[in-house]
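The following questions and answers concern the structure shown here.

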Amino acid sequence: MNPNRPADFDGWLSAFSERLAIISVELLLLMGIIVFAAAIALMVRAIVPRLLSLLRFDRLAARIGLTGALHRSSLEAAPSQYVGRFLAWITLFVVFIAGSASLNLPWTQRIVDRGLLFVPAFVSAVVIAIAGALLAEFVARGILIAAVNAGWRAASLISAIARVLVLLLAAAMALEQIGVAPVVVAATFSILLGGVVLAVALAFGLGGRDLARDYLKRKFGRTSDREPGSELDHV
Amino acid sequence: MADLSALLGSTAPVDVIVGIPSFNNGATIAHVAKTAVRGIADYFPDRRGLILNSDGGSPDQTPRAAVDAALRARDDLEASARDRIAVSSVRYRGPSGKGSAFREIFEAAGKLGASAVVVLDADLRSVAPEWIGRLAGPIVSGEVDFVAPLYRRHKFDGTITNAIVYPLTDAVFGGGIRQPIGGDFGVSGRLAGLYASKDVWDTDVARFGIDLWMTTTALAEGFRVAQTHLGAKVHDPKDPGQHLAAMLVQVVGTAFALLETYADVWTMRVLADRAPTFGQAEPVTLDPVLVDVARMEEQFRFGVQTLDRIYGLCLPSKVWADLRASAAGDAGISDTLWAQIIIHFAIAFHRRSLARDQLVSSLTPLYLGRTATFIRRNADRSDDEAEADVQALARVFADVVRELHRLWKEES
């Protein structure tokens with residue numbers, strides 16, 4: 001023993017080595033868990049799209065407008081691929097949380113507590129967002145077709161406004177689910193929606209009914225009150 | 001108003017039934033009911049007949065008007081004729097619509113053992129006793145099971161029939177029934193029994209689309225079909241509140257849905273025999289029809305420009321490119337392009353590429369474009385030349401339908 005080295009340094013070194021060994025083992029175990037979770041997630045990502053393809057999910061997605069909603073968001077892959085990726089991430093997260101819980105460490109316990117609380121809210125938010133995107137697509141398309149058939153020149157604009165409003169509502173609901181400043185989100189949405197309604201009301205009220213009518217007729221109105229071809233007995 | 005069971009006790013047996021579906025037709029049904037009585041008396045003097053009004057609960061006393069008028073007409077007949085014609089009215093059950101009314105009539109035909117059933121719209125103003133003879137005669141004589149009407153119409157009327165329903169039905173099922181959604185039909189008791197037994201009376205068939213369903217069912221199920229000249233059809237003006245898109249959804253949606261119902265028949269490429277045509281086309285005077293073609297074309301171009309995502313989804317790239325080119329030019333929509341559009345919309349309907357009502361509704365601007373093309377092409381032509389143009393379109397459909405067979409096969 002070196003007579004110049006303080007006795008407590010040996011104790012510190014020993015404790016440090018012991019702690020380092022424990023942390024190393026924990027880290028190794030954690031890495032093992034991550035690798036295991038990643039492997040499971042990769043399997044999910046590979047298998048789920050194939051299963052969904054067999055079940056003709058992509059055709060269903062096209063039918064209900066999901067594919068169109070994805071394309072509109074520049075997401076060009078098949079919907080089954082996105083479902084596979086989403087489930088893979090959820091799997092990774094859940095397996096990691098479950099593995100961490102098995103280590104029974106204070107800091108992993110904190111991750112587990114927060115993570116497990118977050119998963120249901122996150123899944124709900126994603127479901128709300130997807131449902132909102134589908135609904136927005138359906139509503140916007142229906143309004144677009146009806147407006148075109150009615151001869152409204154601003155059909156695309158009206159349809160786009162309807163899409164944005166439904167998406168805003170869905171986004172507000174999804175953000176509220178995951179607890180992102182719920183008060184701010186609700187207030188923002190209320191202000192936006194109220195603003196739109198107020199603007200329309202002002203256009204018709206304060207702006208003058210005649211002016212609003214003339215403007216709307218010129219901009220949005222049909223060139224005639226009669227439907228094209230209404231002179232015919234079509235059937 | 002009697003219910004069916006009471007009617008069965010008092011009326012059976014019956015040979016010929018004239019059924020009149022109604023809802024709020026109090027102003028017009030009396031003429032139809034009287035004509036039906038005279039038709040049976042004049043054309044089936046040795047048969048027992050029944051005038052049966054099938055009403056949807058009209059608040060305007062339609063059943064009373066029908067029964068009273070028919071009874072008065074019967075009272076004017078000789079005693080021997082009076083005894084063999086019964087008159088009744090029933091309130092139909094099920095969803096409101098012409099189909100539910102027909103169901104009641106078909107069931108009555110089965111239970112009363114009728115050999116022929118004629119159904120007439122309650123708002124007809126041009127119906128004549130000979131209509132009963134022409135619609136029921138070939139059935140009573142055992143020649144056929146189904147008689148479709150053949151009206152004289154203005155060359156620009158019946159455009160959904162001319163541009164879509166007739167050529168599509170003829171190309172897919174055969175038969176050559178020129179007016180498959182005519183509204184007034186003759187049906188054998190055997191076919192009426194089949195109609196009544198079908199599990200469709202809680203579907204859209206009960207509400208709308210019954211005419212095309214009846215025609216297609218007769219063709220696809222191998223019944224002997226025919227058509228008969230009836231002259232001009234004059235009836236109440238159409239409901240001005242009913243939009244073209246809604247009409248397309250009902251009529252074309254039914255036509256596309258029937259492709260699915262009878263896919264196992266038409267995909268075997270077995271076409272029904274050409275239906276014989278009874279009677280002669282009599283010259284009639286038709287009111288002129290003035291159409292704003294320019295607005296229809298404007299609507300067509302606006303639709304192609306604005307609904308590009310939808311058309312791009314439903315149509316293959318070549319057809320979509322041709323459609324864009326036709327919207328950009330002055331030539332309109334050619335026969336071949338139109339047939340291809342309809343075939344691919346039928347496939348998109350089958351695939352459920354979009355919500356079905358939205359899909360068919362989006363066809364409206366294209367239909368207006370095609371109608372404008374037809375009107376421009378036939379503006380200075382005679383009725384016969386315009387009819388030849390419709391027949392030319394039907395031949396194009398018969399060619400293009402091969403594509404439908406191929407695509408349908410890929411889907412299954």
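Q: In this predicted model, how many bridges join strand 7 of chain B to strand 8 of chain B?
A: Strand 8 of chain B covers residues 277-278, and strand 7 of chain B runs parallel to it. Within this pairing, B:Gln227 stands opposite B:Thr277. The number of bridges joining the two strands is 2.

Q: Which residue of strand 7 of chain B stands opposite B:Val147?
A: Strand 5 of chain B, residues 146-152, pairs with strand 7 of chain B in the parallel sense, over 7 bridges. Opposite B:Val147, the residue in strand 7 of chain B is B:Ala226.

Q: How many residues of strand 7 of chain B are buried?
A: Strand 7 of chain B spans residues 225-232 and is mostly covered. Of its 8 residues, the number buried is 6.

Q: Which helix of chain B gives the most to the side that touches chain A?
A: In the contact between the chains, 35 residues of chain B meet 23 residues of chain A. Helices 7, 11, 13, 17 and 18 of chain B each supply at least two residues of the side that touches chain A. That side of chain B divides into 16 nonpolar, 13 polar and 6 charged residues. With 6 residues, the helix of chain B that gives the most is helix 13.

Q: Where in chain B is confidence lowest?
A: The mean pLDDT of chain B is 92, and 96% of its residues reach 70 or more. Confidence is highest in strand 4 of chain B, residues 116-119, at 98. At a mean of 58, confidence is lowest in helix 1 of chain B, residues 4-11.

Conventions
Residues are numbered from 1 along each chain as its sequence is written. Chains are lettered from A and ligands numbered from 1 in the order in which they are written. This is a predicted model: local features need pLDDT of at least 70, side-chain atom pairs count only at pLDDT 80 or more; totals for chains, interfaces and linings use all residues. A residue is buried if 20 or more other C-beta atoms lie within 10 Å of its own, exposed if 12 or fewer, and partly exposed in between; C-beta atoms are placed from the backbone. Helices (H or I, at least four residues) and strands (E, at least two) are DSSP runs, numbered from the N terminus. Two strands pair if DSSP finds at least two bridges between them. Two residues are in contact if their C-beta atoms, placed from the backbone, lie within 7 Å. Ala, Val, Leu, Ile, Met, Phe, Trp, Tyr, Cys and Pro count as nonpolar, Asp, Glu, Lys and Arg as charged, and the others, Gly among them, as polar. pLDDT is the predictor's confidence in each residue, from 0 to 100.
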